[in-house]
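Colleague: I would like to learn how to read a fold from its helices and strands. Could you walk me through one?

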Amino acid sequence: MVISSTTADYDQNLHSTFASRYVRTSLPRFKMPDQSIPKDAAYQIINDELMLDGNPRLNLASFVTTWMEPECDKLIMSSLNKNYVDMDEYPVTTELQNRCVNMIAHLFHAPIGEDDSAVGVGTVGSSEAIMLAGLAFKRKWQAKRKSQGKSCDSPNIVTGSNVQVCWEKFARYFEVELKEVKLKEGYYVMDPAKAVEMVDENTICVAAILGSTMTGEFEDVKLLNDLLTKKNKETGWETPIHVDAASGGFVAPFLYPNLKWDFRLPLVKSINVSGHKYGLVYAGVGWVVWRSKDDLPDELVFHINYLGSDQPTFTLNFSKGSSQIIAQYYQFIRLGFEGYKDVMSNCHENTMVLKEGLEKTGRFNIISKDIGVPLLAFSLKDSSKYTVFNISESLRRFGWIVPAYTMPPDAEHISVLRVVIREDFSHSLADRLIADIVKVVHELEGAQSTVSTSGVRDGGTVEHGSRVMERGIAKFWRRFVHGKKTSSVC
């Protein structure tokens with residue numbers, strides 16, 4: 001949800017050229033109009049305004065899926081009017097959700113018996129999934145503390161400062177302290193050793209990130225599990241792990257099947273993953289699965305019997321569309337393990353193409369790792385003449401949306417550009433992006449060279465003024481981005 005705001009710079013009325021064929025009066029911009037207008041006019045007015053939005057296929061800032069097959073689009077359109085919560089009316093949709101939960105749980109190696117069902121639920125993205133997982137940890141911790149006659153007023157979660165903003169939301173909304181392991185230059189994920197050091201008797205869980213928003217890197221969940229197991233034995237605590245696999249949960253099983261990060265590690269009690277990222281579904285679906293029923297307190301589960309049998313439900317949201325659940329099931333049976341592996345392999349290969357092209361320019365340092373989410377984070381080797389923010393802004397002329405931002409504390413002095421490689425980002429688009437980046441860089445260098453030459457003629461004052469201005473702009477953007485919580489970049 002985005003808090004809405006208006007600006008006095010806008011005309012209070014909305015004028016449309018095409019709408020004049022139907023209506024002669026303008027529409028109020030921020031108030032509901034008094035009269036109806038023809039459907040054709042309403043469509044054309046909105047369609048014209050939406051033309052000013054960016055092209056989703058060229059939005060390299062987002063992990064969210066922007067393309068699906070036409071057959072899946074048809075399924076989505078035919079189910080837009082289905083309210084997912086009406087299980088009595090749409091029992092097949094509920095069944096498809098349960099199938100998806102079990103498929104994901106098996107993919108993450110949950111210890112499920114032949115006749116057992118996985119414990120999990122579909123959510124509105126990973127944000128809701130994280131809220132649900134966090135609540136389960138909090139209630140489990142509180143129950144144990146109460147049984148021991150101890151205070152349960154100060155719960156905390158240990159994370160890295162590179163976590164997505166939804167973790168900060170959970171902490172603030174549900175009154176849990178967020179203890180963040182700071183980053184450092186050259187190491188942009190949570191250090192497991194430092195994380196375990198911060199664990200105390202009030203820690204409800206340690207949250208590890210499989211696919212950092214900043215660099216796409218996988219945190220070392222196995223090392224975290226080993227170190228935390230040792231500390232638990234020494235202290236008598238039972239501090240668990242949650243894995244935020246929003247970005248990497250549908251990447252690691254297919255590209256790195258031998259990497260242990262999931263329920264193969266005993267302390268991992270719950271995992272969230274975003275179906276609308278590398279799950280290859282349009283925005284609006286996430287998933288959370290638990291190791292076993294014991295890890296989800298029954299007091300958080302609501303039981304309904306609309307279908308004539310017990311139907312447990314655990315969500316923050318009530319009404320929501322069924323279409324994304326159906327789309328997720330389509331992708332699972334359409335692609336299968338082999339299909340997902342092929343898609344992720346293509347994404348990785350295109351990432352390497354882009355990496356090689358940027359390295360050939362000689363102007364960038366690659367920050368991201370080869371093993372991780374298919375993305376490329378890179379910084380300028382020399383930011384004295386122009387910055388990554390200048391490059392980001394200039395690339396918009398060609399339609400590209402490439403975010404520039406500063407890293408979290410204590411590495412905020414590092415500014416980077418990030419390109420997320422999705423299924424719809426092809427080899428040819430990678431070549432085109434490289435060419436446009438080179439063009440932008442040459443333009444910025446040419447402009448700087450012109451200013452420098454002019455400055456020499458004028459005693460250097462122009463050059464000095466230009467550099468002061470550029471540094472001021474870069475400083476402003478760093479503060480602006482940091483103030484917006486850099487980990488919210490998605």
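**Reading helices against a sheet**

Modeller: Gladly, and keep in mind that this is a predicted model. Let us begin with a helix: α5, residues 165-173, lies across β4, β5, β6 and β7. Relative to β5, helix α5 runs at about 145 degrees.

Colleague: How should I read that angle, and which strands does helix α4 lie across?

Modeller: Angles are taken between N-to-C directions and run from 0 to 180 degrees. Helix α4 (residues 125-147) lies across β3, β6 (203-209), β7 (241-244), β8 (268-274) and β9 (286-290). Its angle to β9 is about 25 degrees.

Colleague: In what order do the strands of the open sheet come?

Modeller: Read across the sheet, the order is β3-β9-β8-β7-β6-β4-β5. These seven strands have mixed pairing, and from one strand to the next the twist averages 20 degrees.

Colleague: Why is one side of β3 and of β5 left without a neighbour in the sheet?

Modeller: Both β3 (119-123) and β5 (177-181) stand at the edges with a single partner strand each, so one side of each has no neighbour in the sheet.

Colleague: How many bridges join β4 to β5?

Modeller: Five, and the two strands run parallel. Strand β4 covers residues 156-160; glycine 160 stands opposite valine 181 in β5.

Colleague: And for the protein chain as a whole, what does the secondary structure come to?

Modeller: Twelve helices and 15 strands. The chain has 490 residues, 50% of which count as buried. Among contacts with a separation of 6 or more, 69% come from residues 24 or more positions apart.

Notes. Residues numbered from 1 in each chain as written. Predicted model: local features only at pLDDT ≥ 70, side-chain atom pairs only at ≥ 80, totals over all residues. Heavy atoms only, no water. Helix = DSSP H or I, 4+ residues; strand = E, 2+ residues; numbered from the N terminus. Buried < 20%, exposed > 50% of the residue type's maximum accessible area, 1.4 Å probe, protein only. Contact = heavy atoms within 4.5 Å. Pairing = 2+ DSSP bridges.
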